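User: I am new to reading protein structures. Could you walk me through this one, feature by feature?

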Amino acid sequence: MFSFRKPLIALAVMALGAAAAAQEGGKYPGIGRAATTPEVAAWDIDVRPDFKGLPAGSGSVAAGQDIWEAKCAACHGIFGDSGEVFSPLIGGTTAEDVKSGRVAKLKDPTAGRTTFMKVATLSTVWDFINRAMPWNAPKSLKPDEVYAVTAFMLNLANVVPDNFTLSDKNIAQVQARMPNRNGMTTQHAMWPGKEFNGSKSPDVKNVACMKDCATEPKVASFLPDFARNAHGNLAEQNRLIGPQRGADTSVPEGQAPAKPVPSTTAAAQPAGGGDAKLPLALLQKHACTACHGVDNKIVGPAYADVAKKYSGKSDYLLGKIKSGGAGVWGPIPMPPQNIPEEDAKVIAAWLAAGAAK
Amino acid sequence: MKIDELPSGRIRKAPENFLSRDDIKTVFSEGKNGRRDFIRKAFSAATASVAAGSVLAQGNPVPKEGGDPNILNLPEHSTNLGQGVSPEGSYGKPSKYESNVKRRQSPGLTQTTQASVSFAPLQSLFGIVTPSGLHFERHHQGWWDIDPSKHRFMINGMVKTPMVFTMDEIMRLPSVSRFHFIECGANTAAEWGNVAVPTCQYTHGMISCSEFTGVPLITLLERAGADLKNGKFVLAEGGDGSSMTRTIPMELITSGEVLVAYGQNGEMLRPENGYPLRLVVPGVQGVSWVKYLRRIEVGDKPYATKDEAIHYIDLQPDGMLRQYTSVQECKSVVTTPSGGQVLLDKGFYNITGLAWSGRGKVKKVDVSVDGGRNWRPARLESPVMSKSLTRFNIDWIWDGKPAIVQSRATDETGYVQPTYKLLRSVRGTRSIYHNNAIQSWLVQENGEVKNVQLS
């Protein structure tokens, strides 16, 4: 009997081992591993409407204003109401809305929509600023800074007073003052689950009539003639073979084209000298292109326009890059750019030489 | 040179818009005399000087002098040595004659290119698969080309063990490959109130369809021991600057439909489309197909993320915003003939287009050429797959008179694509999202096709 013992033990050990493997990998041993606590903490940053996930902290309206003017105003305007780059954030809410929780202006078919007119959940604002703002340096704000910026926006929207400090302790009370907190509905059939007890049948019910269906149709809307070429020449946007061609929208309808359509691919000769490769790469690297196009105005002026205005003034341009400015090209300020001196010099020299592509 | 004297079948410049009012009168007077190819000839004559690439004019009459020079005079490519195999490391490109078929941005739509859209050229595509390089783009904070060896995928929340996977590990798991459409919730948004853009690239080009390859998300959730009963929702999160987040119901995931995908049309995802890993949520609007997918969290409540609490919410006439509107309802569009195109002549045409439904398969597509008074069922080309694009075709003989071409899709749930009138009567004109109304294209007597809406 004694001689049987060892094999039995060995079998038992093997069985245990198999069980452990199954527990480790189920059907797929060797795939994936347990996440460490710091790993989960580094990535699990979401904040739910019930504020699950919200880190402790606080920030005042005043502190928020400083951050806002340095990091947010360039895109969103000093008062958060700019629509030049993105949809406006602030505006359109009233003290009455704060009481009712429904933004009355949403019923006005002529009114625009701001973020604070729409958003029902304050967690959404906090979570998004924390994960994705500022535009060119997402996730760079510390929790207290996110609280402060959120507080400042709430103040601009007249939800909290000037001397307010937003924190994890009072955020639920502020939630109860969100202007459109009662403005959302899930009564529709477009959520692919049963969780919201939405409608089971779609809101729009058409019937597939096949014969003599409608009265004589009247064309009620079409593009005006002046918009004919607004999307570029449609002749160049259709295949050159097949049952149809694109219409030449560079000339009015019914007219033969007066002159050959110039090739859009032929690159224009750069106005200034110098190798454009490095400066263009630097503009990309330092996210300058988020606000400036070479040929087009975005938030700030086109580089071509800057180059024209300050031709040869490399030192002036270097100063502007480093210390920022406002008022020359419009009301939206450019924040000081904290980039390496040598990179700033390359960009300034490139601008002064004509901003060639 | 009179148009009658032009030799046919020669090399021509790209055709253009072509007929004056007088010409149109001539077309019909000549038409009575049986000269049905007048439009075609006028077309060629009017455009002979336009330089948008060289193409063969499509005139194909019986030639006078023995035959078509394209047949009689053997071309260079028939009588010379062709090119060698592509050089080492090359990646094939479309013919140089296809250079017009490109993604395009709609002017003035956005102020930055990093939070912007490029539209797929639906008017020039065949079948149901969108070539990866023509797949529409929507970025919220710029795109990245991420090193896959450094990309990680995490599962946490209501799971037994929060887990981390490498791309190697995900790609070792059993994979599935499925065809699905992805449509932006804001596709056709510009057209809610009135006609705003000229072509179907801009009206409907925020849809694409690919064969996606990946691992069902349920496989990975089971691996982590997810609480599938109490965990009614998952949050999907991207690894890029925007770290896009969206809530998805567990029900869709337990069905096995939702994929953690790395493959697209036989190769890896394109960087603009989320390389190396994106979520595929069939039938649901594109914003839920989180790109650069880094994390899935299992939870018991929805998350009201920015793109489900500030954007991608549908304003109704009573001022309420519909939240968590995710399903892309049944929709279709005729891609040829479509806005901005010019038909070359009267006679036979194959009306073709695309239909889809976020609730399953397309059951039928009807086509009208008289603005919706009478309809004929189109042929659905195989394969017809759930939550995929479906190609439809129908014969049409154009008599040269104005025609309003429409398509109307019905899905397997019996839902019928609505008219603008019907859709607006329920949702008004300010929803922005989920415009699935029937599209109308007006074919004018001069052959030019316009985007129109009917009253």
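**Strands and sheets**

Analyst: Start with one pair: S22(B) and strand S23 (residues 390-398) of chain B are joined by 2 bridges and run antiparallel. Strands and helices here are DSSP runs, numbered from the N terminus; a helix (H or I) has at least four residues and a strand (E) at least two. Two strands pair if DSSP finds at least two bridges between them. This is a predicted model: local features need pLDDT of at least 70, side-chain atom pairs count only at pLDDT 80 or more, and totals for chains, interfaces and linings use all residues. Residues are numbered from 1 along each chain as its sequence is written, and chains are lettered from A and ligands numbered from 1 in the order in which they are written.

User: Which residue in S23(B) is the bridge partner of B:Leu380?

Analyst: B:Phe392 of S23(B).

User: What holds strands together in general?

Analyst: Strands of a sheet pair through backbone hydrogen bonds, either parallel or antiparallel. Now the case here. An open sheet of 4 strands in chain B has the order S17-S19-S23-S22, with antiparallel pairing. Strand S17 (331-336) and strand S22 (379-380) of chain B are its edges, each pairing on one side only.

User: What comes in the loop between S22 and S23 of chain B?

Analyst: B:Pro383 is found there. The peptide bond joining B:Ser382 and B:Pro383 is cis, with omega about 0 degrees. Chain A has a cis bond too: A:Met133 to A:Pro134, omega about -10 degrees. A:Pro134 sits in the loop between helix H6 (122-132) and H7 of chain A.

User: Which strands pair with S14(B)?

Analyst: Strand S5 (residues 152-157) of chain B runs parallel to S14(B), over 4 bridges. Strand S9 (residues 233-238) of chain B pairs with S14(B) in the antiparallel sense, over 6 bridges.

User: How do I read a contact between chains?

Analyst: Two residues are in contact if their C-beta atoms, placed from the backbone, lie within 7 Å. Here the contact takes 118 residues from chain B and 89 from chain A. Strand S26 (residues 449-454) of chain B gives the largest share of the chain B side, 5 residues. By class, that side has 52 nonpolar, 41 polar and 25 charged residues. Ala, Val, Leu, Ile, Met, Phe, Trp, Tyr, Cys and Pro count as nonpolar, Asp, Glu, Lys and Arg as charged, and the others, Gly among them, as polar.

User: Which strand of chain A pairs with S26(B)?

Analyst: Strand S5 (residues 219-222) of chain A, in the antiparallel sense over 3 bridges. The bridge partner of A:Phe222 is B:Val452.

User: How do I describe two helices that touch?

Analyst: Use their axes: lines fitted to C-alpha atoms over the stretch in contact, with angles from 0 to 180 degrees between N-to-C directions. Helix H3 (residues 61-76) and helix H7 (residues 143-156) of chain A have axes that come within 7 Å and cross at roughly 95 degrees. That makes H3(A) roughly perpendicular to H7(A). Angles under 35 degrees count as roughly parallel, over 145 as roughly antiparallel, 65 to 115 as roughly perpendicular and the rest as oblique. The residues in this contact include A:Trp68 of H3(A) and A:Phe152 of H7(A). By class, the contact has 9 nonpolar, 3 polar and 1 charged residues.

User: Where is phi positive in a residue other than glycine?

Analyst: A:Asp212 is one case, with phi near 45 degrees. A:Asp212 lies in the loop between strand S4 (184-185) and S5 of chain A, and counts as exposed with 8 C-beta neighbours inside 10 Å. B:Ile432 is another, with phi about 65 degrees. B:Ile432 is partly exposed, with 17 other C-beta atoms within 10 Å.

Conventions:
A residue is buried if 20 or more other C-beta atoms lie within 10 Å of its own, exposed if 12 or fewer, and partly exposed in between; C-beta atoms are placed from the backbone.
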